[in-house]
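Work through the exercises below with the sequence and the coordinates at hand. Try each task before reading its solution.

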Amino acid sequence: MSFLKTVGSLTLALSALIASLPQHVVAAPTSMVSRNLDTRQSGGSFWMESITRQGSTWGNSAGYDIYRNVKDFGAKGDGTTDDTDAINEAISSSKGNARCGNDPYCDSSTTTPAIVYFPAGTYRVSSPIVMYYYTQLIGNANDLPTIVADPSFKGMAVLDADPYSNNGTSFWTNQNNFFRQVRNFHISLLEMPESAGAGIHWQVAQATSLQNIVFDMKPASPSNKQSGIFMDNGSGGFFSDLIFNGGNYGAFLGSQQFTSRNLTFNDCGTAIFMNWNWGWTLSDITINGCGSVGLDMANSPTNLTVGSVVLSDSTINNCPVGVSTAWAQTIVPASGGNLIIDNVDMSDNVPVAVLHTTGTGGNTLLAGNAKIGAWAAGDGYAVDYPTQRSLQVQRKSGPITPPTKAASLLDSDGKIFGRSKPQYAGYPASAFKSAKAAGCKGDGQTDDTACLNTFLKSVGSDQIAYIDHGAYIVKDTIHVPKTIKIVGEIWSMIVASGFTDVNNPKPVFQIGEVGDTGGAVEIQDLIFESTGPNPGAIMVQWNLQSAQGASGMWDSHVRIGGSYGTKLQSDVCTTLQQGSPNPACTGVFLMFYAPSGAAGIYLENTWFWVADHDLDLSSPTQISIYSGRGVLIESQGPTWMWGTASEHSILYNYQFKDARAIFSGFMQSETPYFQPIPNAPNPFSFNSAYDDPTFTVCSGSSDPTCKDAWGLRVWNSQEILLYSTGLYSFFNNYEQTCTPEQNCQENMIHIQNSQVDMYAVSTKAAVNMIVDDDVGIVKDIDHRSNFCATIAYYFTNH
């Protein structure tokens, strides 16, 4: 989460923004393709509609309804009836505490979750469906429901995750707009006039996702202003498995950082318009025809608003221009507009692969009708040591030597492996075995350790473990068998309690035993958190070694403090602790650990967050929680981390030690806001058994921020491949005078005796972006972008 407020001029209303954007002359598409991405979607019921509901909320009344079927609130889904009010009633209704909406105002809440389910049907709406905080909108995965905007539709978008009020302010703080999902829908703008309409207004932050959605828009034309996704602001998130048909823009995008995978655009005017970002990772993008350009990132050429884009493992065909950019040798800001293209096929009728748009008609930077191996525009470093012992920047637009890619990270087509979250659409409700039916309480009081361990062992190979919503207190390790599928109900909570031995830390949730091989564990929609101080807790430890694609964890998060029941909230853990941290505000030892024997680890849209503000008591009041370490990977690989974030740990947010074959894209972190008071490791101690950094690099420094948390530390590791980083330092003891001076901490990335290849490296307010012990230092002052400091690539041993 980025508490720092984005420049206000970036927050614009849709009507004003779309009116100011260039329109493109395109031919009408010959066909409108609505391809479902799940081959099992052949019609029929979906288990979510009929499964027994036993979930209960932590901090709300017993009668509160977590699950709501829109038809129970009067929605007809007959294609004729206006279902707007019924759907919005299903979202906002509450039998207990009021849901987190705008009347009365609510910035956030974890105690009023809701799954809003849409059976198959066609739902007509005449104004926006407004998503409340902590809401999942889920359609029938076997027969996607269609939401049709009526010709009379008025509003910003069919689905709106953060509406604007009449005075121009948004309902929720976009950088704090967490915990939302939308999946399994058709959204149709075909009945609206082509001069208006957006499918989803998606102004969100971490722990959010869109999946398996088809956007149908009117054929692109000079007067078409429709877009599938409209995103004008936000801070992180993930979406995948989306199809965009027609429209002026398939996706109009703007956010601090974001990850998007497996998107298909059919005959859009412009497939992707990148309005602004600090960094964006696009992978496995397919663009089938466009009116003018596949990816347009040339916005505001006199003062670039785009920090960086990585486009990888993609195909563009039948487009006049693949990518348009405003990057040049001399630009403002000097290191803005970074573009990296890796393994992108533009061989089928794409005359210009990369166009520089400044000037009449533009200037071709890269000819098309070819497959592009690796190409970059921006500042880069390619280091070959031990022969090279100094850093030399290359500022260029042109081909580059491809990064090192471990074979184990690639699929059969040579792309970085990815696997979408399974929805088990082919399983009946009877295949789901309930934790609460097995006797586990999930009431936030009972010790559920023994019950959960017994329950998980009892799940058969043809069953799925269903963790009904609740707070399951655990006082010892939960042992996850090496072959199991686990599904939570809107982020069911595994809550650590009593893990107090900091000298002998142990796992809270352990996937497989040490030495386990050949397993297959799938986990989704869980939250791992703690109540009270747990300085000996390793929240998730992944021991299992499994084959590519056999195991994974999707839409699951570690959240330390800041929410109901954690005892780590603003009533205790104030920001006034300064150099004497309250022991009651101690977090955990480590949030995620993959030791050397683990392999085949797949993480997608996972957020490891030590809370910097309260979500429930007095949101968004800042708080101080002192938690040791973020993500530690020692695995020999392969490990994939799609769309991960790790924030506010004391020693480091990410550390790769003696590891191999790791992929990450996008990687995001924030330094604790209270540092350097105290600085690392306080109030913890260095633990050599877990290879803690001891900050020997600071031996000659008098700067107290030298011992701020590493955003990323890589030590004795090989085949590390990163597609975009956003590693941020916004505060110095809660003061932001350092932010405009770009000196909130001294160092951000530390590379020690390792082979690391990175695309689109962005850091914020660290004097030294990269400290590479073998060759030197990359400095922030040399690479200022639109907000961060950014380089297009950093390669070692090339």
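This is a predicted model: local features need pLDDT of at least 70, side-chain atom pairs count only at pLDDT 80 or more; totals for chains, interfaces and linings use all residues.

Residues are numbered from 1 along each chain as its sequence is written, and side-chain values use heavy atoms, with hydrogens and water left out.

**Exercise 1. The annotated spans**

Find the spans that UniProt lists for "domain: Rhamnogalacturonase A/B/Epimerase-like pectate lyase", and describe their secondary structure.

Solution. Start with the record. The unreviewed UniProt entry lists residues 67-296 and 434-493 under that name. Positions follow the numbering used here, the feature name is shortened, and the annotation may be inferred rather than shown by experiment. Next, assign helices (DSSP H or I, at least four residues) and strands (E, at least two), both numbered from the N terminus. Residues 67-296 are 4% helix and 49% strand, with end C-alpha atoms 40 Å apart. Residues 434-493 come out at 17% helix and 47% strand. Their end C-alpha atoms lie 15 Å apart.

**Exercise 2. The nonpolar cores**

Which residues have the most contacts inside the largest nonpolar core?

Solution. A nonpolar core is a set of buried Ala, Val, Leu, Ile, Met, Phe, Trp, Tyr and Cys residues joined through side-chain atoms within 4.5 Å. Buried means under 20% relative accessible area, exposed over 50%, and partly exposed in between (1.4 Å probe, protein chains only). The largest core has 222 residues. Trp 202, Ile 229, Phe 239, Phe 592, Phe 656 and Tyr 794 have the most contacts inside it. Strand β14 (residues 249-297) gives this core its largest share, 18 residues. A second, separate core has 23 residues, among them Val 310, Tyr 602, Trp 642 and Tyr 723.

**Exercise 3. Domain 2 against domain 3**

Describe the interface of domain 2 and domain 3.

Solution. Take the bounds from the automatic or database domain assignment. They are domain 1 (69-359), domain 2 (432-650) and domain 3 (652-797). The C-alpha centres of domain 2 and domain 3 are 25 Å apart. Now count contacts (heavy atoms within 4.5 Å). They involve 43 residues of domain 2 and 41 residues of domain 3. Then take the buried area: the accessible area (1.4 Å probe) that two parts lose on being put together, summed over both. The two domains bury about 3400 Å² between them, 53% of it on carbon and sulfur atoms. Arg 629, Met 641 and Ile 650 supply 20% of the area that domain 2 buries here, more than any other three residues.

**Exercise 4. Salt bridges**

How many salt bridges does the structure hold?

Solution. Apply the rule: a side-chain nitrogen of Lys or Arg within 4 Å of a carboxyl oxygen of Asp or Glu. The structure holds 17. One crosses the interface of domain 2 and domain 3. Separately, Arg 629 pairs with Asp 692 at 2.7 Å, N to O.

**Exercise 5. Two pairs across the sequence**

Where in the chain do the partners of Arg 53–Glu 489 and Arg 419–Glu 522 lie?

Solution. Take Arg 53 and Glu 489: their closest N and O atoms are 2.8 Å apart. Arg 53 sits in the loop between α2 (47-50) and β1 (67-69), and Glu 489 in strand β27 (residues 483-496), 436 residues apart. Arg 53 is partly exposed at 25%, whereas Glu 489 is buried at 2%. Arg 419 and Glu 522 also form a salt bridge, with closest N and O atoms 2.8 Å apart. Arg 419 lies in the loop between β21 (394-399) and β22 (432-434) and Glu 522 in strand β29 (residues 520-530), so the pair ties together parts 103 residues apart in sequence.
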